[in-house]
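Welcome! Please have a look at it, then read on.

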Amino acid sequence: MAKFDESMKITIDYNNMMDKFLGDKGFTDEKLASYADKAAAAYDYVAANRGRDDLFMGWTELPYNQDEIVADILETAKGVREKFENFVVLGIGGSALGPIMAFTALCHLHYNELPKEKRKGPKFYVEDNVDPVRMHDLLDVIDPAKTCFNVISKSGATSETMTQYLILLDLLTKAGVNIKDNVIFTTDACRGNLIKIDQQLGGDVKKYVLPDGVGGRFSEMCPVGLLPAAVLGIDIKKMLEGAAYMDEQCKEKDPAKNPALMSAVLQYAAMQDGKNIGVMMPYSDNLKFLADWYAQLWAESLGKNKTLTGEDCNVGQTPVKALGVTDQHSQVQLYTEGPFDKVITFISLGKYKYSMPIPHGCEDVPDVGFLGGHTMEELIQAENKATAYALMKQGRMNYTITLPELNEFTLGQLLFLLEMQTAYTGHMLNIDTFNQPGVENGKKATFALLGKKGYEAKKAELDSAPALDKKYII
Ligand code: PA5
């Protein structure tokens, strides 16, 4: 068994979910134990089907089966850093949220504004929308000829990403640049339009594979996330090592010894108890976009209307993104006194990268003077603890995942923990965790509205919808 740095182990404190702290608003040990069979079945399913591409479980093996790919990515990343001023990810959903999250988590918070010598890589942008203003404004700050575009799309049929591709193709062509020199495709191994496009370009565009058994929202630790991270100088081997360490901690069938399974049981039990909203509240600006990444993972995986056996269900838990301490001054009032329909997951740091002393001053203004002599790290940690305590006092379920510090190893652990939690929870809900039929329907309607061939029937369906009633437009 590999040797891991135990001092970097992340922990889960779920005291504030239990009756000892929440009284009749909390779970008893017996209540949690009543889900033991469901938890055991979820554990068995994940253990038995690890790595199976046909079940979209390939992501479980990513910490172990990418040695060659990682070596290749590191080589490519080095070349990108030497050659380009900017690195732009074109992708959406699972093909964008991971790169945004890792960039924010592990790089300087004002990375693009740092002088070149203080950055480990080129300036970095992830374009995950088709807002024309955003594209226009990006083009105001980058020179496409000096930019490497990583087009990430499993299908190569996602209108948003391919629209962006068409724009950059046009720009680069007009600038006399050979597109092959400035793009990297991350896509399916043999299917999908980026493969066709590559062939039309001569077949030698640099390509990375989004493996068959890895869905978009589980793809951060494959080339989707690893290439952008490596370009930024993030230690991707350490990230994968962290994931493997969490995998090791999830080997036990007993939820009390398996953090992902226990957190799945807690969330499942809470959902059964009417907690239909899951708030993720990191106390770290670096982890702000972790909540976005998790929102997709949780929402797209669990929000389903059919069970595995075909019955109607309508299950899921609405993810809400919050940021500590900022949202204490915005949302926490609701969490503390509003409906009992939420579970709050705090993400805390044992130690911040910097602590920032608070100087003494304004001694004769008691509301201000008491802060002097402390540090900002102490303040943010105190506010985190105080918020969890205040929620607990009001009988509000919350639990805390603590990272000893934020680095590649702990982030890898955290991502794998949340992916495993999602897989277990989906099985407990008896739904297909890995499909997204609801997203597909919207994509098809867009194709129809823009006149794509093959979607004539859908267009007719949309056209035959009842005319809008002016009465309802004010
Ligand atoms: O999680 C998912 O599967 C989705 O969010 C996809 O990643 C997203 O729709 C983009 O799809 P594609 O990679 O085919 O462009």
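A residue is called buried when its relative accessible area is under 20%, exposed when that area is over 50%, and partly exposed in between. Asp212, at 35% relative accessibility, therefore counts as partly exposed. Please keep in mind that this is a predicted model.

**Salt bridges**

- How many salt bridges does a search of the whole structure find? The search gives 23.
- Arg191 is partly exposed, at 48% relative accessibility.
- Another salt bridge brings together the side chains of Asp170 and Lys174, at 2.9 Å from N to O. These two residues are 4 apart in helix H7 (residues 159-174), which means that about one helical turn separates them. Asp170 is partly exposed at 37% relative accessibility, whereas Lys174 is exposed, with a relative accessible area of 66%.
- Arg134 and Glu127 also meet through their side chains, at 3.3 Å from N to O. Is Glu127 buried or exposed? Glu127 is buried, with a relative accessible area of 6%, while Arg134 is partly exposed at 30%.
- A network of salt bridges links Arg50, Glu61, Asp247 and Lys251.

- Strand E2 (residues 86-90) runs parallel to E4 and is joined to it by 5 bridges. Here Val88 stands opposite Phe149.
- Strand E5 (residues 183-187) also runs parallel to E4, with 4 bridges between them. Asn150 has Ile184 of E5 as its bridge partner.

**Helix H4**

- Helix H4 (residues 67-83) has 17 residues and reaches 25 Å from its first C-alpha to its last, close to the 24 Å expected.
- Which residues of H4 are buried? Val70, Ile73, Thr76, Ala77 and Val80 are. Seen down the axis of H4, the buried residues fall within an arc of 130°, so they line one face of the helix.
- Asp67, Glu68, Glu75, Glu82 and Lys83 are exposed on the other side of H4.

**A nonpolar patch on the surface**

- Tyr354, Met356 and Met376 make a nonpolar surface patch of about 370 Å².
- Tyr354 belongs to the loop between strand E11 (342-351) and helix H15 (366-369), and is exposed, with a relative accessible area of 58%.
- Met356 lies in the loop between E11 and H15. Its phi is positive, about 55°, although Met356 is not a glycine.

- Phe56, in the loop between H3 and H4, has a positive phi near 60°. This residue is partly exposed, with a relative accessible area of 32%.
- The peptide bond from Gly324 to Val325 is cis, with omega near -5°. Val325 is found in the loop between strand E10 (318-321) and helix H14 (332-337).
- Val46 belongs to helix H3 (residues 36-49) and is buried, at 2% relative accessibility. The C-alpha atoms of Val46 and Leu462 are separated by 40 Å, and the two residues are 416 apart along the chain.

Key: Residues numbered from 1 in each chain as written. Predicted model: local features only at pLDDT ≥ 70, side-chain atom pairs only at ≥ 80, totals over all residues. Heavy atoms only, no water. Patch = residues over 30% accessible without salt bridge, like charges linked within 9 Å, V, L, I, M, F, W, Y side chains within 5 Å. Areas by Shrake-Rupley, 256 points an atom, 1.4 Å probe, with all protein chains shown as cover. Salt bridge = Lys/Arg side-chain N within 4 Å of Asp/Glu carboxyl O. Buried < 20%, exposed > 50% of the residue type's maximum accessible area, 1.4 Å probe, protein only. Pairing = 2+ DSSP bridges. Expected span 1.5 Å × (residues − 1). Arc of directions from axis to C-beta.
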